Amino acid sequence: MTDKCTGCAESQEKARKLQEIIEGYKDTRGALIQVLHEAQELYGYLPLEVQREIAKQMDIPLAEVYGVVSFYTQFSINPKGEYKINVCMGTACYVKGANEILDKFRTRLSIDVGECTDDRKFSLDACRCIGACGLAPVVTINDEVYGKLQPDDVDDILDKYEAK
Amino acid sequence: MIKSIADIDKIRQTKVADMQIRVNKDAQPTKEGGRMHIMVCGGTGCTSSNSMKIIENLEELIRINQMSDEIKVVKTGCFGLCAEGPIVMMYPDHIMYTTVQPEDVSEIFESHVQKGKPVKRLLAGEQTEDEITNALDSVDFFSRQMRVALRNCGAINPECIDEYIARDGYKALEKVLTEMEPEDVIETIKNSQLRGRGGAGFPTGTKWSFAASQQVAQKYVCCNADEGDPGAFMDRSVLEGDPHSLIEAMAIAGYAIGANQGYVYVRAEYPIAVERLTIAIEQAKEYGLLGKDIFGKGFDFNLEIRLGAGAFVCGEETALMTSVEGKRGEPRPRPPFPAVKGLFGQPTILNNVETYANVPVIILKGADWFANIGTEKSKGTKVFAVGGKINNTGLVEIPMGTTLREIVYDIGGGVPNGKEFKAAQTGGPSGGCIPASELDTPIDYESLIALGSMMGSGGLIVMDEDTCMVDLARFFLEFTVDESCGKCPPCRIGTKRMLEIVTRITEGKGTMEDLDKLEVLAKNIKASALCGLGQTAPNPVLSTMKYFRDEYIAHVVDKKCPAGVCKSMVKFIIDQDSCKRCSICKKNCPTQCISGDKNTPFSIDQDKCVKCGVCMEKCPFKAILKNA
């Protein structure tokens, strides 16, 4: 890892866990995506240092690791907010007004899709169908699911998290 | 550990007796099974509406009242009636409760569990107390369906392998390993005329026979559970509600083609499905139904899960296999087909979840039974995820050849709020629209292609008069442009140009020439893109242009969006007759573009208006009109 982190116990702990993850997939063919999933779980996102470390330990060129990270939408090279807002943009949600819900989040938080608020509290993403089409339009915030939303509900939801 | 047929038979017999009260109202309760089973839906839809809390509350009450020996709470997979979730099903009374809230639990417990009196206000459908019968037979939504692939969803606890075994689970694998040669298995699947449920509808038996004929040591069985079509959740429901049927079918496929390793490629967006499948695989391993020497018949089979990471193109078979290998999921040209050269360069078969879910039933009931369901060229049933502007949003399984009208009106309960049905979209970003005039077409692979759409994986989105078809085409194009892997120019550049043209039209800047350009471009992309995703990407545009050309023309010539969706063509105006000059709209307008006071009529400055619609939402007198 980078020099500035070596003194930090937490980052050393994470580096050790990363090594364990990679070790666990030693005998699995084509494990890169699975390793990246677990690494992202560990770090919250996949900064360049983490990708470099994975490339080194798995003996895969960094360009290839970055190629995979940038190919898949679930991998993020930017940090996410404490509360990750995902507005479902599947067809069922779309025809039931998901766009208006997304707009409301945009205006209220003053950030665009893929961005994070300055205080790192909220990040906003438009995601692919999560399959809860019966509840359309749907928004997830971390593991909480909010269904059958109206644009007006957005304020109440955000108020709840801002109070936390 | 199950070493022989006798072992599994013993488990089956005990568990069948325990579960008998779910089949027969008068069945004798067993000591282990208890006298009442309360099934609570644990699918994604219902858990999102708090069904886990219902289970928690029920278990708490049962524990306090020391009734845990007689009353069993069972977490099940999806019942399909997602619009009415959370769903609770009571056995042996066969009573279904809908939209149950955690607060309702104490009433259900006190009235139904303790006194045997059903809670009337929570009953499914329009049943009166006198006619409380089996909801699964009497509610239209269920009685018109035919559940083959979904046979166990909602009927068993997906995290309990014994319950699956009790429902004839792993009996097909048993039959295959003891009575059938691999060729017989392939012959049976061929004769059943089962076709791939993932989209293109390729005959499954034929696919298997290609891989079987390859004389190499290492072959693979893969399952496509990367249900990327937005608005489709059939495969997720099978994984969540009946994961063992997939495991069993993949083992059968492995035996048929001579493979001993399988991979299930699942979307990471489906955490519950991944969790249940993981548990199921562990249980199957523990029982020896996966691993070495299954049933002592010398057949080995292992199964691993691979998580996707959010790329629609990975639903394409060659891209999926590249992704399982841990690389960028880009498709490659075929041939060689995967059956010859697939995963890690070895012969591989790839089927989707629903296709596999049919396999054990076909083995047990026979090819003829299956081939007798459906239409001439499309056999069996198909699961549709019905969503959008429809009352009974959810999952329905119907015999091939059922008409769209039956799905939308009889099973789906029609379009809400008295609105008019406009079209149904099938096949997602690769499919097209079916207009109201074609409501009576029997649905099968061929008829949908003839209509310019396709079966796809089974997403069926209903649209009403408030949906703009040009905007819908734009939505799907935006999706494809975003998801195009970029490998071939027709898809990478072509769909982008199409999106630009369609966007121009929705902004009121389109010309008639644009419509011609769109058609030419669409045909060229269809003819020249590398993979299925690119080749079908223009379909949403072509089919909306075919059936709703008048809407395109309204956007281009009259600069109007008839559905009032396309913002730049929407105009909000104040109806002076209904306006009471209360100034609520003025206060709420984010751009201060509304002027007027008690003495001056209110009006909207169209140049400043951002068309957010807040004024219309807030007006208590409905005096603000859209597009009037």
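Buried here means 20 or more other C-beta atoms within 10 Å of a residue's own, with 12 or fewer counting as exposed and anything in between as partly exposed; C-beta atoms are placed from the backbone. Helices (H or I, at least four residues) and strands (E, at least two) are DSSP runs, numbered from the N terminus.

Before moving on, some housekeeping. This is a predicted model, where local features need pLDDT of at least 70 and side-chain atom pairs count only at pLDDT 80 or more, while totals for chains, interfaces and linings use all residues. Residues are numbered from 1 along each chain as its sequence is written, and chains are lettered from A and ligands numbered from 1 in the order in which they are written.

Back on helix 15 of chain B, the buried residues include B:Val353, B:Glu354, B:Tyr356 and B:Ile363. Step off its end and you land on B:Gly366, with a positive phi near 95°.

Next, pick B:Asn392, in the loop between strand 10 (381–388) and strand 11 (394–399) of chain B. B:Asn392 counts as buried because it has 22 C-beta neighbours inside 10 Å. Show its contacts (C-beta atoms, placed from the backbone, within 7 Å): beyond four places in sequence, B:Asn392 touches B:Leu81, B:Ala83, B:Phe141, B:Ile411, B:Gly412 and B:Gly413.

Now bring up both chains. Their contact takes 41 residues from chain B and 31 residues from chain A. On the chain B side, helix 2 (44–48), strand 8 (299–307), helix 14 (317–324), strand 10 and strand 14 (459–464) each supply at least two residues.

Last stop, chain A: select helix 6 (residues 98–109) and helix 7 (residues 153–163), which pack at an angle of about 50° with their axes 10 Å apart. Axes are lines fitted to C-alpha atoms, for helices over the stretch in contact, and angles run from 0 to 180 degrees between N-to-C directions. That makes helix 6 of chain A oblique to helix 7 of chain A; angles under 35 degrees count as roughly parallel, over 145 as roughly antiparallel, 65 to 115 as roughly perpendicular and the rest as oblique. Show A:Ile101, A:Lys104, A:Phe105 and A:Arg108 on helix 6 of chain A, and A:Val154, A:Asp155 and A:Leu158 on helix 7 of chain A, to see the residues that make the contact.

How values were computed: Two residues are in contact if their C-beta atoms, placed from the backbone, lie within 7 Å.
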